[in-house]
Amino acid sequence: MPSGQSNSNSNSISATNNRQHNPPAEAVPSFPPPESESDESWVWSQIKAEARRDADSEPALASFLYATVLSHPSLPRSLSFHLANKLCSSTLLSTLLYDLFVASFSEHPTLRSAAVADLLAVMKRDPACVSFSHCLLNYKGFLAIQAHRVSHVLWSQNRKPLALALQSRIADVFAVDIHPAARIGKGILLDHATGVVIGETAVVGNNVSILHHVTLGGTGKDVGDRHPKIADGVLIGAGATILGNIKIGEGAKIGAGSLVLIDVPARTTAVGNPARLIGRNNRGEPVKNEGDVFPGETMDHTSFIQQWCDYII
């Protein structure tokens, strides 16, 4: 056999052996998802591909990624397993919680679609989120919202003791305290999430972004409808406190550290303690945030600051 052919065959065999021992990591699909696939199907394929890639590159995580993602046939099953193991205790068993979560996601497709919308929202809005699997496994704001939606289903079914027990575990584990009766939309980002408090009669619309240490609370011991109503596309900065049965209009922006006690019109910015509208025209009227994209989606925290004050640190 000619030496050149022998070397060629040897190289071919060597390359084949290398591929067998070091299989290439599955390519991660490009973002955003193709229109031909459903969002849930595409996002789940993305998460599995990311988990395989990360397991190959970091063997120390391989068992964890297999147990939480790769061993499951669907996103709801993976999410249910992960939440059950996060929220279980010595007296609230993971098997019980897993069955509860799986049943809720199976019986209420809106829970699944909301989870997918939240995953997409985090990836689009948070530059620190490196992958869908990173959000699914590590973002406590995302996990707290998904668990809250299950507690809300329980509350709606008049299974209030179990709903409140789940709320307590969510608060203990994730430092996010959302009453089971509170209504939360989809496409929600709880960025960092620590210290978020949302009261019983609060309503949060779609595509809202809320940073850490935000309170949507009441003003005292009033009963009945007593918590804020947050419209679609609102951005609420870190440490903001919104109290009472007031309305935050569509596409409004609440500055970090603000105290809001009265309604905020749509597409306006409120900052300060107590909060006041900023960015006003010559007639003293507020200049509204214009455009089709809401601040809850752009995460633009600083528009109108120069119109508010000449001295900016």
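Predicted model: local features only at pLDDT ≥ 70, side-chain atom pairs only at ≥ 80, totals over all residues.
Visitor: Which residues make the contact?

Guide: From α4, the list includes Pro76, Leu79, Phe81 and Leu83. From α5, you'll find Leu97, Tyr98, Phe101 and Phe105 among them. Sorted by kind, the residues of this contact come out as eleven nonpolar, three polar and one charged.

Visitor: Now aromatic rings. How is a pair of them described?

Guide: You give the distance of the centres and the angle of the planes. Searching the whole structure turns up one aromatic pair. Trp42 and Phe132 form that pair, at 5.6 Å centre to centre with 85° between the planes. With planes over 60 degrees apart counting as edge-to-face, that's the label this pair gets.

Visitor: Where do Trp42 and Phe132 lie?

Guide: Trp42 is in helix α2 (residues 39-57) and Phe132 is in helix α7 (residues 132-138), so the pair ties together parts that are 90 residues apart in sequence.

Visitor: On to the strands. In what order do the five strands of the open sheet come?

Guide: Read across the sheet and you get β1-β4-β7-β10-β13, with parallel pairing. β1 (176-178) and β13 (259-260) stand at the edges with a single partner strand each, so one side of each has no neighbour in the sheet. Inside it, two bridges join β4 (residues 196-198) to β7 (residues 215-217), and Val197 stands opposite Thr215 in β7.

Visitor: And which strands form the open sheet of four?

Guide: That one runs β2-β5-β8-β11, and its pairing is parallel too. Here the edges are β2 (183-184) and β11 (247-248); each has a single partner strand, so one side of each is left without a neighbour. Two bridges link β2 to β5 (residues 203-204), where Arg183 stands opposite Val203.

Visitor: Last one: what is the mean pLDDT of the protein chain?

Guide: The mean is 87, and 81% of the residues reach 70 or more. Look at residues 1-8, though: pLDDT is below 50 there, and the stretch has two contacts beyond near neighbours in sequence. Over residues 10-25 pLDDT stays under 50, with two contacts beyond four places in sequence.

How values were computed:
Residues numbered from 1 in each chain as written. Heavy atoms only, no water. Pairing = 2+ DSSP bridges. Contact = heavy atoms within 4.5 Å. Nonpolar A, V, L, I, M, F, W, Y, C, P; charged D, E, K, R; others polar. pLDDT = per-residue confidence, 0-100. Phe/Tyr/Trp six-rings, centres within 6.5 Å; stacked < 30°, edge-to-face > 60°.
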